Amino acid sequence: MVKGLSNLINKEIKELLRDPKIMVGMVLMPLITFPLMGAAMNISTSTMQESMRQVSVMLMNLDKGPLAESLLLMLQNMNVTIIETSSSTVEEALVALSQSNITTLVVIPQGFSQNLTLGLKGKIEIYSVFESLSLAEGIRSSAVEVPINLYKNALVTQAIRQAFPDRDPLTVLDPISVSNVAVVKGKIVNVSSDVLRSLFMSQSLGFPMVIMLLLISATQIAATSISIEKEEKTLETLLTVPISRLGILTGKLAGSVVVAAAGAIASMIGVDYYIGSINAMVPTQNVSLEDLGLSITPLSYCLLGVMIFVTIVSALALAIIVAAFSENVRSAQSLVTPINFIFIFPSLILMFADIQMLPYPVQIVLYAIPYTHSIIASKAAFLGDYFTMLVSIAYVSAFTIVTLYIAARIFTTEKIVTARISLRRLKLRKT
Amino acid sequence: MSQIAIEARNLVKMFGNITALNGLSFTVTQGEIFGLIGPNGAGKTTTLRILATLIKPSSGYAKIFGYDVEKNPSEVRRIISYLPEEAGAYKNLSGYEYLEFMANFYNQNTQEGKAAVEEAAKISGLGERLKDRVKTYSKGMARRLLLARALMMKPKLAILDEPTSGLDVVHAFHVRRIIQEYAKTHGVTVLLSSHNMLEVEFLCSQVALVNEGKVVGQGSPHELKSHYGVDNLEAVFMEATKLG
């Protein structure tokens, strides 16, 4: 039995990994696609950052007053390259702008300095040329506003100083200080809520996404491994060799788990690189879950491992049940697609919401889907909530036993040979 | 006295409302090459599938070397090999890998497995091509590989469904020669089904004529021809089923 099983698992792995559809789709694609996406993001981000570092503007200074001059000085101090134009009208200046590689025109109208000195509003016009409608172009156009806003602040501070010589201008401008304190697991954490929010976001997005990818690829592999036997007419021969039907089922499940794990590892490597590329773009505060007392304990790790295992086995058994009714690989993949919704639905909802915040009917639907519990358990692992994890494992295990039982029933009866759902027939029936 | 290899009694098989077998009975003696002949839908493949433990009869019973196919399928699987009509091999394995994979189910040690694979290599006559992946094989080559797989374990009973189906004259000749030589040399009992009356006449010592799920005549090709007073099995079949 053991020899027969290992023989079958070896063959399953060999066959699946040599199948170009699986090798390319499950292993190579994530390994190539995600890093490529990350590299593309990196290139565009560095281009964006570069364009923000080297801001060039065309200037039409019609004021020439002292305050206009001090504004220009401030722009220059903030690395903005200024090209003065001799044009006398905005239209002329815009023509000159279109002939250059500069995309921003700053116009300081006459009377700018005088108005400000008299306590009236000074006016600055910024003309931005949009050609490619890219994100970098939008950022570049707003880059010149940063030094102008700083200049405005300096003017306000100066005015406050003159009006209230004995008061701190910053206090006048921002009289109330708000301190945002985060409390995690009953402990005050010296980190801003915003940082924590983004940290939790990245954690709560990550696991459901990985689980979702893993389950989708695992079910496709399992369905393929059964349906390819039907398509290539090898199943009948396999069912007549001296190995039990349950042995064949176990071999199929084990082979699919190994290949799905290879796919999952490839996906995780790819996703890790991709997330790393994104993180590199955003300066983050050095905060880890360990710092917050949210690290996963060895027991949580073990329970999480059990959870992932039973989740995958149940999904594989489900796929095998469906694939048993298929005629070929194409029909199996079509039949398996609806199963994917029960992975995607809870994953997407729980990425962004807490289940208890949802309306009762949605909660009931979600709780009924076993894969919801896999995600709940992953969140509970971070909080060290063993009870929730054990309840989730019990629910998914019960579901796994039922699906395995049904799969075993199909395998031990002649249904595995005779059951057929023809997609063509279904379509005909509909019409 | 020869042992009974197959005993099929009153086999009935229903698929929903369709009666595939309707009280089919026949007996095969050890060492025989026994042919089931009949038109499409007569019940030949259903009979072979029941004997190969793939499906169960709705009523009646079948025994292979004394083992009931329904009650002792594991014992039956150890002593038979089955070649389905449209069987394929795993396309992404090489011919050798496929033979090794199948041999490993029957052999407890590596030596026996290797000997079986060498035997299969000889039977198939595919030589160096066994190192290539099955997906590069022609239909005839794949069929020879599958037949070699079915015979390499020297099963007590080889169940072959349309062994030369879809093959050209050269490959069909090769396959028939293999079956004949193997049965003779190793005493393997062979049960085969075929549309090809010439093939059956050439290979089989005993023949059962199957029509509408029943055996309508049984005997050696010579006996059947004498009984119906005709000179070939095709005419025998037409007489027996009153289709002519």
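This is a predicted model: local features need pLDDT of at least 70, side-chain atom pairs count only at pLDDT 80 or more; totals for chains, interfaces and linings use all residues.
In chain B, strand S9 spans residues 206-211, and because five of its six residues are buried, S9(B) is largely enclosed by the rest of the structure. Strand S3 of chain B, comprising residues 33-37, pairs with S9(B) in the parallel sense over four bridges, and within this pairing B:Ile37 has B:Leu209 of S9(B) as its bridge partner. Strand S10 of chain B, residues 214-219, also pairs with S9(B), here in the antiparallel sense and over five bridges; B:Leu209 has its bridge partner in S10(B) at B:Gly217. S9(B) and S10(B) together form a hairpin in which two residues lie between the strands, and B:Glu212, located in the turn, adopts a positive phi of about 50°.

Between the two chains, 24 residues of chain B are in contact with 21 residues of chain A. On the side of chain B that touches chain A, at least two residues each are supplied by helix H2 (73-79), strand S6 (80-83) and helix H3 (95-103) of chain B, with H2(B) giving the most, namely three residues. By class, this side of chain B consists of 14 nonpolar, five polar and five charged residues.

Chain A contains an open sheet of four strands, which follow the order S2-S1-S3-S4 with mixed pairing. Its edge strands, each of which pairs on one side only, are S2 (80-84) and S4 (125-128) of chain A, and neighbouring strands of the sheet are turned against each other by 30° on average, direction ignored. Strand S1 of chain A, residues 55-61, pairs with S2(A) in the parallel sense over five bridges, and A:Leu59 has A:Glu84 of S2(A) as its bridge partner. Helix H3 of chain A, residues 66-77, packs on this sheet and touches S1, S2 and strand S3 (104-108) of chain A, its direction making about 135° with that of S2(A).

Two packed helices are described by the angle between their axes and the distance between the axes. For helix H12 (residues 298-323) and helix H16 (residues 386-412) of chain A, the axes come within 8 Å and cross at roughly 25°; since angles under 35 degrees count as roughly parallel, H12(A) and H16(A) are therefore roughly parallel to each other. The crossing in which H12(A) passes H16(A) is left-handed, and the contact of H12(A) with H16(A) has 19 nonpolar, six polar and no charged residues.

Definitions and conventions. Residues are numbered from 1 along each chain as its sequence is written. Chains are lettered from A and ligands numbered from 1 in the order in which they are written. A residue is buried if 20 or more other C-beta atoms lie within 10 Å of its own, exposed if 12 or fewer, and partly exposed in between; C-beta atoms are placed from the backbone. Two strands pair if DSSP finds at least two bridges between them. Two residues are in contact if their C-beta atoms, placed from the backbone, lie within 7 Å. Ala, Val, Leu, Ile, Met, Phe, Trp, Tyr, Cys and Pro count as nonpolar, Asp, Glu, Lys and Arg as charged, and the others, Gly among them, as polar. Axes are lines fitted to C-alpha atoms, for helices over the stretch in contact, and angles run from 0 to 180 degrees between N-to-C directions. Angles under 35 degrees count as roughly parallel, over 145 as roughly antiparallel, 65 to 115 as roughly perpendicular and the rest as oblique. A crossing is left-handed if the near helix is turned anticlockwise from the far one by less than a right angle, and right-handed if clockwise.
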